[in-house]
Amino acid sequence: MPRRRPALEPAVRGQNPIAWSAPGDLYNSRFMTSRLIPVEAFDLVVFGATGDLARRKLLPALYHHELNGQLPASVRIIGAARKPMTTDEFRRAARSAIETHVPASELRADTLERLLGHLRYVPVDVATNAGWSELRALLDAAPNATRVFYLATSPQLFGTVCERIQAFELDVEAARVVVEKPIGKSLASARLANDAIARVFPEDRVYRIDHYLGKETVQNLLALRFANALFEPLWNSDHVDHVQITVAEAIGIEERGGYYDGAGALRDMVQNHLLQLLCLVAMEPPALMDADAVRDEKLKVLKVLRPIASSNVGELSVRGQYQGYLADLGAAMSDTETFVAIKAEVLTWRWAGVPFYLRTGKCLPRRMSEIVISFRPVPHNIFGAAAGTIVPNRLVLRLQPDEGVKLWLMIKDPGPGGMRLQHVPLDMSFAEAFGVRNPDAYERLLLDVVRGNQTLFMRRDEVEAAWMWIDPLIAAWQATRQPALPYAPGSWGPSAAQELIERDGRHWHEEA
Ligand SMILES: NC(=O)c1ccc[n+]([C@@H]2O[C@H](COP(=O)([O-])OP(=O)(O)OC[C@H]3O[C@@H](n4cnc5c(N)ncnc54)[C@H](OP(=O)(O)O)[C@@H]3O)[C@@H](O)[C@H]2O)c1
């Protein structure tokens, strides 16, 4: 069955997009179905298996692997949390989570039954010794299987979980640990957390998840940069005018106020997701697509970010708080930022003078994450005023929603009527173009852990280097008492965020 060609995108701001032109059979399934590589049998222990992350992300990801036929029959997924429950009760809870979070069109009764058959449950309190012997007895049944410990619990528990994994001798040779953000609240606390993990697991068995790195578009950024001859020669300050990275959420703090108020947008989003994306854009080509080669290059970027201190923090950053935050939090006062915009710079030969504008926030107009590479204008306009304005090229990598890539180009307005120019996107929405479902980031990352591939996970030194840049920024905010400026929910943050970029003669990329 030939795949459908990508549909033309609805007109954007009155402009007609053009579809990627491709030979007739390019969209044929022969080329485009993803190849599924089965994995060896493994035991996955999810500490915090009754929590939000497990319900919304991990169980649906495992369901999709079962649907794809990637899980061997002997796989065991062992849920662990304090709640007393039998395996049958856990299976019922897992069924309900999967039915809630997997679209009905993707649900198959036989697949769901097979997945539920892999599940076990052991009540374990990671802060005490309760339940650990039972967990050990279960794991002892498969001493040679790859063993993954997924810490889907509060980060305060990471140290104690690792200690008990060791004390109960569960840290066999093939054991690895997955930890979720946030890793610390500062360099000092990140080091403490990393030390506690390192006392049990060597770095090559530690998987620090930043789920943004598991997104298709992020991996496509690597493919675009390093599997095409076209972009890399332009990927420098001679040709790139600036870069924008936006991670916008439409929702407020919802039920997460307790955690969020102690963190804020800078720690919650910039320290990890936005800096990781910046690194992938700015890094030098690694010699190999190998975990350490890639992470070495990212680390070099983090180490050469222009420091932000009291002297320049007002000029280079904006803090904001959405109106209604205090009511959502149920507090009379809080200075926590729910929005941040930063003008960052990578002090290297390649990027000298190229600003990287970062912004993220809650209660923004829509959920949207994207990276925009904005190229320099053409040096000379041969067409004259009647042809219209020549808008500089932009490469837009959309992470969510609708993962895809758009390359904004100038073309001639089709048809008669002389030479008039139009700015249009070459649009490739992955899901449409390839006729395949975009896997959730957790799907990719979970099996990378089983395969022992750390490329898309943060190494300890990266996490700590990111804090080395963030800590002085926070200290500068505190020293200068930089306020969190109020902004209306549904707006793009305080007007100061527009000014941050507009005083450089640039604008945030905001497609309708
Ligand atoms: N939710 C997300 O989308 C998301 C996104 C990014 C990162 N994260 C990170 O992922 C982790 C989990 O987040 P979450 O949202 O799933 O949290 P959550 O909904 O609060 O769930 C926490 C889980 O930990 C278990 N737990 C708590 N204390 C325990 C103990 N002493 N022993 C054993 N289990 C214990 C809880 O079950 P019992 O109460 O039954 O023990 C529950 O299953 C956190 O580190 C969070 O920062 C979450």
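Predicted model: local features only at pLDDT ≥ 70, side-chain atom pairs only at ≥ 80, totals over all residues.
How many of the eleven residues of helix H15 (residues 441-451) are buried? Nine of them are, so to speak, under cover, and the helix counts as mostly covered.

**Overall shape and fold**

- The protein chain contains 17 helices and 17 strands.
- Its radius of gyration is 24 Å, close to the 24 Å that the globule rule gives for 512 residues, so the chain is as compact as a globular protein of that length.
- Taken along the principal axes, the C-alpha atoms of the protein chain fill a box of roughly 80 × 65 × 45 Å.
- If you look at contacts between residues at least 6 apart in sequence, 76% of them join residues at least 24 apart.

**Surface and charge**

- Of the 512 residues in the protein chain, 53% count as buried.
- The protein chain exposes about 22200 Å², and carbon and sulfur atoms supply 55% of that area.
- There are 58 positive and 61 negative side chains in the protein chain.
- The centres of these two sets of charges lie 2 Å apart.

**Domains**

- Domain 1 covers residues 3-210.

- The buried residues of H15 are Ala 441, Tyr 442, Glu 443, Leu 445, Leu 446, Leu 447, Asp 448, Val 449 and Val 450.
- Among these buried residues you will find Glu 443 and Asp 448, whose side chains count as negative.
- Strands that the buried residues of H15 pack against are E2 (42-47), E5 (146-151), E6 (175-179), E7 (206-209) and E16 (457-458).
- Helix H2 (52-67) is also packed against by the buried residues of H15.

**Tyr 63 in helix H2**

- Helix H2 is where you will find Tyr 63.
- Tyr 63 has a relative accessible area of 0%; buried means under 20%, so Tyr 63 is buried.
- Leaving out residues up to four places away in sequence, Tyr 63 touches Ile 98, Val 102, Glu 106, Leu 107, Arg 108, Thr 111, Leu 112 and Leu 115.
- One of these partners, Leu 112, is 49 residues from Tyr 63 in sequence, with 6.8 Å between their C-alpha atoms.

Note on methods
Residues numbered from 1 in each chain as written. Heavy atoms only, no water. Helix = DSSP H or I, 4+ residues; strand = E, 2+ residues; numbered from the N terminus. Rg over C-alpha atoms; globule rule 2.2 N^0.38 Å. Buried < 20%, exposed > 50% of the residue type's maximum accessible area, 1.4 Å probe, protein only. Contact = heavy atoms within 4.5 Å. Areas by Shrake-Rupley, 256 points an atom, 1.4 Å probe, with all protein chains shown as cover. Charge placed at Lys NZ, Arg CZ, Asp CG, Glu CD. Domains from an automatic or database assignment.
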